[in-house]
Amino acid sequence: QTDFKISDPLSIRNWAFLNFLFYTDLAITVALSLKRSAINLATKKILIRDRSFSLPEQLIVILKKYIDESTLPDAPLFPSYSGRHICPSNYRELIFKPALKRIEPAYKFRSCHPSDLPKEVREKLLAIPTL
């Protein structure tokens, strides 16, 4: 699906972050601590703790829809509403539960990482959101 009509910036952030977690398989705490400067869309690389990793093409497409190139390099990659880093302890309430509620309101989850969800739930969760 290539249509991307969504007006809520937090839903865009949530969608991009959940896809980011799935495609990189990073720990939630590591992903939330990243700054905008960690991603280089031109080289399709991410820099984590002085190591460079290639990003899959599917994720590059998503990040190009999400990332604002004008964002300051020291800004969080996935900021809170106020523009600060999201505390990992708030991830469940601010990102995971609202996104999951949108597609599977009654689903009971044990883990908050998209990789741990059943395939049919994960596919819905990672699909481009429409509002």
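Reply: Let's start with how elements are named: helices (H or I, at least four residues) and strands (E, at least two) are DSSP runs, numbered from the N terminus. This is a predicted model, in which local features need pLDDT of at least 70 and side-chain atom pairs count only at pLDDT 80 or more, while totals for chains, interfaces and linings use all residues. Residues are numbered from 1 along each chain as its sequence is written, and side-chain values use heavy atoms, with hydrogens and water left out.

Me: Thanks! Where is lysine 44 placed?

Reply: Lysine 44 sits in the loop that joins β1 and β2.

Me: And what is its phi?

Reply: First the general idea: most residues other than glycine have a negative phi. Lysine 44 has a phi near 60°, a positive value in a residue other than glycine. Arginine 49 also has a positive phi, near 50°, and it belongs to the loop between β2 and β3 (51-54).

Me: Are lysine 44 and arginine 49 buried, partly exposed or exposed?

Reply: Read the relative accessible area, computed with a 1.4 Å probe on protein chains only: under 20% is buried, over 50% exposed, and partly exposed lies in between. Lysine 44 has 31%, so it is partly exposed. Arginine 49, with 69%, is exposed.

Me: Let's turn to α1. How many residues does it have, and what does it reach from its first C-alpha to its last?

Reply: The expected span of a helix is 1.5 Å times one less than its number of residues. Helix α1 (residues 9-24) has 16 residues and reaches 22 Å from first C-alpha to last, close to the 22 Å expected.

Me: At what angle do α1 and α4 pack?

Reply: Axes are lines fitted to C-alpha atoms, for helices over the stretch in contact, and angles run from 0 to 180 degrees between N-to-C directions. Angles under 35 degrees count as roughly parallel, over 145 as roughly antiparallel, 65 to 115 as roughly perpendicular and the rest as oblique. For α1 and α4 the angle is about 95°, with the axes 10 Å apart, and the two are therefore roughly perpendicular.

Me: Which residues of α1 and α4 meet?

Reply: Contact means heavy atoms within 4.5 Å. From α1 come Arg13, Asn14, Phe17, Leu18 and Leu21, which meet Tyr91, Leu94, Ile95, Phe96, Pro98 and Ala99 in α4. Sorted by class, these are nine nonpolar, one polar and one charged; here Ala, Val, Leu, Ile, Met, Phe, Trp, Tyr, Cys and Pro count as nonpolar, Asp, Glu, Lys and Arg as charged, and the others, Gly among them, as polar. Asparagine 14 is buried at 8% relative accessible area. Leaving aside neighbours within four places in sequence, asparagine 14 is in contact with Leu94, Ile95 and Pro98.

Me: At what angle do α1 and α3 pack?

Reply: The angle between α1 and α3 is about 160°, with the axes 10 Å apart, which makes them roughly antiparallel. Among the residues in this contact are Trp15 and Phe20 of α1, and Leu59 and Ile62 of α3. By class, the contact of α1 with α3 holds nine nonpolar, three polar and two charged residues.

Me: Now the loops: where does isoleucine 86 lie, and which residues is it in contact with?

Reply: Isoleucine 86 is in the loop between α3 and α4, and it is buried at a relative accessible area of 4%. Apart from neighbours within four places in sequence, its contacts are Arg13, Leu32, Phe78, Pro79, Ser80, Tyr91, Leu94 and Ile95. Isoleucine 86 and alanine 31 are 55 residues apart in sequence and 10 Å apart in space, C-alpha to C-alpha.

Me: Is arginine 36 buried or exposed?

Reply: Arginine 36, in the loop between α2 and β1, counts as buried at 9% relative accessibility. Not counting residues up to four places away in sequence, arginine 36 touches several residues, including Asp68, Glu69 and Pro73.
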